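Let's take a walk through a protein model together.

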Amino acid sequence: MKDIQNNDDLFLLVDEFYKKLLADASISYIFTDVVKINLKEHLPILVTFWSQSLFNTGGYYNNLTQMHLDISKKEYLTPELFKIWLHHFNTTVNELFTGENAEKIKTQALNIATVLEIKTRQQKE
């Protein structure tokens, strides 16, 4: 297996990751019923986000935290949902890649999930 090297690798990662999320009834409703995500439009945005995060390429301008807080106002994003999200993310990375960038993106995903979980919990209190 190779490491994550470019945006094509990131596209493969997020595409496979979202297939897992959408196949899991315990979390898929967030994307299909609450957010009503258009995956064809969303995948390039996710690639830009992870490219900026992993390769410092820039180009992602959305407020990730605020977007998730807004979603959580509609449907509370529970700690369990973040665990499910992280599990599917790590599983997908591990199935497709190995190396320094693969480990780095998993650490970044853990950091993001942790911060968003804390922020959504604080918002609810």
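**Starting from helix α2**

In α2, the residues I27, S28, I30, F31 and V34 are buried, where buried means under 20% relative accessible area, exposed over 50% and partly exposed in between, with a 1.4 Å probe and protein chains only. Helices here are DSSP runs of H or I with at least four residues, strands are runs of E with at least two, and both are numbered from the N terminus. This is a predicted model, in which local features need pLDDT of at least 70, side-chain atom pairs count only at pLDDT 80 or more, and totals for chains, interfaces and linings use all residues. Residues are numbered from 1 along each chain as its sequence is written, and side-chain values use heavy atoms, with hydrogens and water left out.

What covers the buried residues of α2? The cover includes α1, α4 and α5. Take S28, a residue of helix α2: its relative accessibility is 12%, so S28 counts as buried. Leaving aside residues up to four places away in sequence, S28 touches L21 and L22; contact means heavy atoms within 4.5 Å. Just after α2, you will find K36 with a positive phi of about 55°.

Now bring in α5. The axes of α2 and α5 come within 10 Å and cross at roughly 100°. Axes are lines fitted to C-alpha atoms, for helices over the stretch in contact, and angles run from 0 to 180 degrees between N-to-C directions. The two helices, α2 and α5, are therefore roughly perpendicular to each other, a label for 65 to 115 degrees, while under 35 counts as roughly parallel, over 145 as roughly antiparallel and the rest as oblique. On the α2 side the contact is made by S26, I27, Y29 and I30, and on the α5 side by L81, I84 and W85.

Helix α5 also holds T92, which counts as buried because its relative accessibility is 0%. Not counting residues up to four places away in sequence, T92 touches L13, E16, F17 and K20.

The largest pocket is lined by 26 residues, and Y18, F31, H42, H68 and I71 lie nearest its centre. Elements giving two or more residues to this lining are α1 (7-23), α2 (25-34), α3 (39-55), α4 (64-74), α5 (79-96) and α6 (100-124). A pocket is an open set of points on a 1 Å grid over the protein atoms alone, where a 1.4 Å probe fits, with protein on both sides within 12 Å along at least five of seven lines; lining residues have an atom within 4 Å of a point.
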